[in-house]
Amino acid sequence: MNHSEKKLLALSRSIHAEPETAFQEHRSAAKVSDLLRAEGFEVERGVGGLETAFTARFGNGPLAVGLCAEYDALPGLGHACGHNIIAASSVGAALALRDVAEELDLTVVVIGTPAEEEGGGKITLLEAGVFDQVSMAMLVHPAPEDNCAPSPLALVELEVRYTGRESHSALAPHLGVNAADALTVAEVAVGVGRQHFEPRQQVHGIVTRGGEVPNVVPAHTSALYNLRAADMESLRRLEARVRACFEGGAVATGCTHEVLATPAYAELVHDPFLSEAYRAAATELGRPLVSREEERTMPTGSTDMGNVSRALPSLHPSIGIDSGDAVNHQPEFAAACVAPGADRALVQGAVALAWTAAQAAQDDETRERLLTLHRERLSRGEILA
């Protein structure tokens, strides 16, 4: 193991040992940006109006390679999605590209992107123009298996809040308006509606407030739902259906209600050249790949990288970490994210990303395409969220 690999593994373990949730990743962002500054990168913190976001730049070439570093964790589960690996592999790729930046006429930019699990940090940075400085954007995400071109779903998070009226549950229940009943009606409506969901539409939710004590008719309840679909158009249709279910709960019980929505995550679109170049690199590294046809049927989640991919050429492959039967968002997967299989994936993922960027820089047609798209995007001032 060389000195650079030791630094990357130490970074991964340090982030993993101190998990921080969305928009609270102060230590994690500092660990990543401090390492990059020590390696000669020019660091700017607090970019895009987010305290835990940063950029780290090296070089002056016209083709700017963007490497996204995620480092937020899950509440109660820590790094059960392996964002410690994402951050360290992006840093590793940046260090490899730094050493050939002059030769390839590149600028290397690491973008620290908080709040992927919840909050959509990349969407905020995209809208703030932080991604304007790069010609392409990449990261590699840990998973149970390799997938060079996964298809993450579009997603929106809805919070529904019901308001009724308190009353004594035994003495005067008829004077109460039960907000818990409203939530129950809405959940049943969503459940029976699943029969009519379109392919790849999904709904999953939790009750975040169900009442205070059983001898008081609940006046306030709330729930949090994730809605997913194959693309933004399908997601909008699903959202309309679910909002109607929420309204049905209010109508049936006499409650009032409100629905709050987060910024929607778009479906992910891979740049064909970057995807094929990554596949070639992963094959050369001996990664256990499946066919392109099999990749399209593999289960997947959602990511705010989808919004980035609709604005500029992007790459978001998955890399297997030998997690056994464990999958993302399980405690066992969190443990696997600092095991030997994760260390191997981290290093190989960094190499594959760097190799992919180098191929794009050296392919004349691709290089000119990326530069042209970048110039056009800047001239339009267009950010697609």
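The largest pocket holds about 1,100 Å³ of space. Here a pocket is an open set of points on a 1 Å grid over the protein atoms alone, where a 1.4 Å probe fits, with protein on both sides within 12 Å along at least five of seven lines. Its volume is the space filled by probe spheres set on the points, which are joined across faces, edges and corners. This is a predicted model: local features need pLDDT of at least 70, side-chain atom pairs count only at pLDDT 80 or more, and totals for chains, interfaces and linings use all residues. Residues are numbered from 1 along each chain as its sequence is written, and side-chain values use heavy atoms, without hydrogens and water.

- The largest pocket is lined by 42 residues, where lining means an atom within 4 Å of a point.
- Closest to the centre of the largest pocket are Glu 117, Arg 228, Gly 301, Ser 302 and His 329.
- Strand 6 (141–143), strand 7 (154–163), strand 8 (202–209) and strand 9 (220–229) each give at least two lining residues.
- Strand 9 supplies the largest share, four residues.
- Strands (E, at least two residues) and helices (H or I, at least four) are DSSP runs, numbered from the N terminus.

**Nonpolar cores**
- A nonpolar core is a set of buried Ala, Val, Leu, Ile, Met, Phe, Trp, Tyr and Cys residues joined through side-chain atoms within 4.5 Å.
- Buried means under 20% relative accessible area, exposed over 50%, partly exposed in between (1.4 Å probe, protein chains only).
- The largest core has 58 residues, and Val 32, Leu 67 and Tyr 278 have the most contacts inside it.
- Helix 12 (residues 340–362) gives the largest share of this core, eleven residues.
- Apart from this core lies another, of 27 residues, including Leu 158, Tyr 225, Leu 227 and Phe 246.

- Six strands form an open, mixed sheet in the order 1-2-4-3-5-11.
- Two strands pair if DSSP finds at least two bridges between them.
- Strand 1 (42–45) and strand 11 (314–315) are the edges, each pairing on one side only.
- Strands 1 and 2 (residues 54–59) run antiparallel, joined by four bridges.
- Glu 44 stands opposite Thr 55 in strand 2.

**Thr 124**
- Thr 124 sits in helix 5 (residues 121–127).
- Thr 124 counts as partly exposed because its relative accessibility is 28%.
- Beyond neighbours within four places in sequence, Thr 124 is in contact (heavy atoms within 4.5 Å) with Gly 48 and Leu 50.
- Thr 124 and Leu 50 are 74 residues apart in sequence, and 8.2 Å apart C-alpha to C-alpha.
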